[in-house]
Amino acid sequence: METRAPQGLLLLLLFLPPLPPRGASAGSLHSPGLSECFQVNGADYRGHQNRTGPRGAGRPCLFWDQTQQHSYSSASDPQGRWGLGPHNFCRNPDGDVQPWCYVAETEEGIYWRYCDIPTCHMPGYLGCFVDSGAPPALSGPSGTSTKLTVQVCLRFCRMKGYQLAGVEAGYACFCGSESDLDRGRPAPATDCDQICFGHPGQLCGGDGRLGIYEVSVGSCQGNWTAPQGVIYSPDFPDEYGPDRNCSWALSPPGAALELTFRLFELADPRDRLELRDAASGSLLRAFDGARPPPPGPLRLRAAALLLSFRSDARGHAQGFALTYRGLQDAADDRAPQGSAQTPAASPDWANVSCSPRPGAPEAATGARVFSTVTAVSVLLLLLLSLLRLLRRRSCLLAPGKGPPALGPSRGPGRSWAVWYRRPRGVALPCPPGDPQAEVLAASYRPLSASSQSSLRSLISAL
């Protein structure tokens, strides 16, 4: 099957000004929560597929700690940057076009294969489709380029005002709309296996096969209103360029927002991403090449957000990919354990109880000092009260979910033995030989000797 004749040339596209994609206001990137990859070549895949075909099909992968005879093994990745280790899961340590793994060598000398991972497609990539040419899979304008990348094609179709962009045979680009996709014929993902002429780490369709993307991927501006979606840095999946000044308005339904950074790689501290409250304009968070965002969900008490990104004259790097979702209740924005809860924050990311207003750094500093002193004072009073109680006790027991089996009592001849059990503690007596205390203590875990010694010293000082 021959590739359709081009209707235009993709020349000088790298210098065309970005335009807002038609339909971007819908925030239409599909199912970001179902994707395990946010890079076009799956270099960030950390899933558990260990065969070269989906759903248990294909050949089994070899363990990475048993492939020392090859270029890549767990020994060549001691820091785990590429995700290699004592397992046989598909990975992409060399920046190839998709995850792969070593397999037992065949008679033909094949010792590695690509992995077909259905969940490893970046949001915004809609899949591989058949292009028979009659009728064309995407009915809009087209062109070719010997420097074609995914983003070059996306920018071309975005400039033309179309919603979809398709790459084919490594060098051809086609534009289309959602109606084209409705009548499209899906093809196996492995059919889109041609390397882009302009980027050895990207796939640009196949022979008679279109890899179709939404043009909102890598756009420099947009208005996102869907309940959830993905925002990419400008020019993604290519690296962002120098002197970029981009902004995105984010207003999904709900009273608060949750962001999760799936990728974040900026060139230096002068390349900066800011998150502002769209209503007040106040700065909530800012990240740069030296200060990346914290891991885990980032929850913000703002119904609408304005994201702005700027790069300096020298900056270029992979950029970022973040998923978002609207929260229906602002009271639900308390972060779970391990996530990054973000009450209004200052530009230097101090985790404080109130956000300083622009032009009033002294007031913000005073508020932080006052909050810290107050919190420390309350904790000291509670500690003193507990320690005074402990002076009259010889044993500290902390019950589990049920109430304590013993009540407090007093008596001479106590020797300290400290026990604990979450979630809360209570002081109980432990006179030597007390059978009730010994039975109860048998189900508790004792503190270490050093901890008991420190507690004794602290109590004796009161």
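**How the sheet and the pocket get their names**

Five strands make an open, antiparallel sheet in the order β3-β9-β5-β6-β4. This is a predicted model, where local features need pLDDT of at least 70, side-chain atom pairs count only at pLDDT 80 or more, and totals for chains, interfaces and linings use all residues. Residues are numbered from 1 along each chain as its sequence is written, and side-chain values use heavy atoms, with hydrogens and water left out.

Me: What makes β3 and β4 edge strands?
Reply: β3 (125-130) and β4 (142-144) each have a single partner strand, so one side of each has no neighbour in the sheet. Strands here are DSSP runs of E, at least two residues long, numbered from the N terminus.

Me: How do you know that β4 and β6 pair?
Reply: Pairing takes at least two DSSP bridges between the strands. β4 and β6 (residues 172-176) have three, in the antiparallel sense, so they count as paired.

Me: Why is the largest pocket called a pocket, and what is its volume?
Reply: On a 1 Å grid over the protein atoms alone, a pocket is an open set of points with protein on both sides within 12 Å along at least five of seven lines. The volume, meaning the space filled by probe spheres set on the points (joined across faces, edges and corners), is about 590 Å³.

Me: Which residues line the largest pocket nearest its centre?
Reply: Of 23 lining residues, Gln39, Asn41, Ala43, Glu265 and Gln318 lie nearest the centre; lining means an atom within 4 Å of a point. β8 (199-203) and β13 (256-265) are the elements giving two or more residues to that lining.

Conventions
Helices (H or I, at least four residues) and strands (E, at least two) are DSSP runs, numbered from the N terminus. On a 1 Å grid over the protein atoms alone, a cavity is a set of points where a 1.4 Å probe fits but cannot get out, and a pocket is an open set with protein on both sides within 12 Å along at least five of seven lines; lining residues have an atom within 4 Å of a point.
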